[in-house]
Amino acid sequence: MNEQLATHLGSIVRLAREQMSLTQVQVAERVGMNSVVYSRIERGRMIPSVETLRSLCIELMVSPEDLMGLTESPGSGSHTRPDNDVTLRRLLFLARKLDASKLDALVRVATELAR
């Protein structure tokens, strides 16, 4: 097992879960796994199957690239907080699923919030 990958994956999954205010048990149930096994993933003790990775991406709204460490690591040349990078990528992940009218509404809300 690639320990560095397992550790990275676990930390991203944990951060996404915490940002969604979910417990480990809730995420485990949503992806159809035992909570003890899910805990091992978060602690970097195991790498899940491809099917489980897909389910985690969907349930936690995290891109596969982020989970696998294929995106630029937060903080390297970035002036935003590391958790902001993950949050922005999650927002983009969700925005891509919206139809044109909902995306337009999201842009208007974001514009107002940024003022």
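Predicted model: local features only at pLDDT ≥ 70, side-chain atom pairs only at ≥ 80, totals over all residues.
Q: Why is E42 called buried?
A: The relative accessible area of E42, a residue of helix α3, is 3%. Buried means under 20%, exposed over 50% and partly exposed in between, with a 1.4 Å probe and protein chains only, and E42 at 3% is therefore buried.

Q: With which side chains does the side chain of E42 make a polar contact?
A: The partners are Q24, at 2.8 Å, and Y38, at 2.7 Å. A polar contact is a pair of N or O atoms within 3.5 Å, where within protein one must be able to donate a hydrogen and the other to accept it, and residues adjacent in sequence count only if both atoms are side-chain atoms. Apart from its neighbours within four places in sequence, E42 is in contact (heavy atoms within 4.5 Å) with G10, S11, V13, R14, R17 and Q24.

Q: Which residues of α3 are buried, and how do you know that they line one face of the helix?
A: The buried residues of α3 are Y38, S39, I41 and E42. Seen down the axis of α3, they fall within an arc of 155°, and so they line one face; the arc is that of the directions from the helix axis to the C-beta atoms. Their cover includes α1, α2 and α4.

Q: What caps the N-terminal end of α3?
A: N34 does, with a side-chain oxygen 2.7 Å from the backbone nitrogen of V36.

Q: Which residues of α2 are buried, and what puts them on the same side of α2?
A: In α2, residues 24-31, these are V27, A28 and V31. Because they cover an arc of only 100° around the axis, they sit on the same side of α2. They pack against α1 (3-19), α3 (35-42) and α4 (50-60).

Q: At what angle do α2 and α4 pack, and what makes α2 oblique to α4?
A: The angle is about 120°, and the axes are 9 Å apart. That angle makes α2 oblique to α4, because under 35 degrees counts as roughly parallel, over 145 as roughly antiparallel, 65 to 115 as roughly perpendicular and the rest as oblique. The contact is made by V27, R30 and V31 of α2 together with S55, L56, E59 and L60 of α4.

Q: Why does S63 count as buried, and what does its side chain reach?
A: S63, in the loop between α4 and α5 (64-68), has 14% relative accessibility and therefore counts as buried. Its side chain reaches the backbone nitrogen of D66 at 3.1 Å, and S63 also touches C57 and F93, not counting residues up to four places away in sequence.

Q: Why does L91 count as partly exposed?
A: L91, in helix α6 (residues 82-95), has 41% relative accessibility and therefore counts as partly exposed. L91 and M61 are 30 residues apart in sequence and 8.4 Å apart in space, C-alpha to C-alpha.

Technical notes:
Residues numbered from 1 in each chain as written. Heavy atoms only, no water. Helix = DSSP H or I, 4+ residues; strand = E, 2+ residues; numbered from the N terminus. Axes fitted to C-alpha atoms, helices over the stretch in contact; angles between N-to-C directions.
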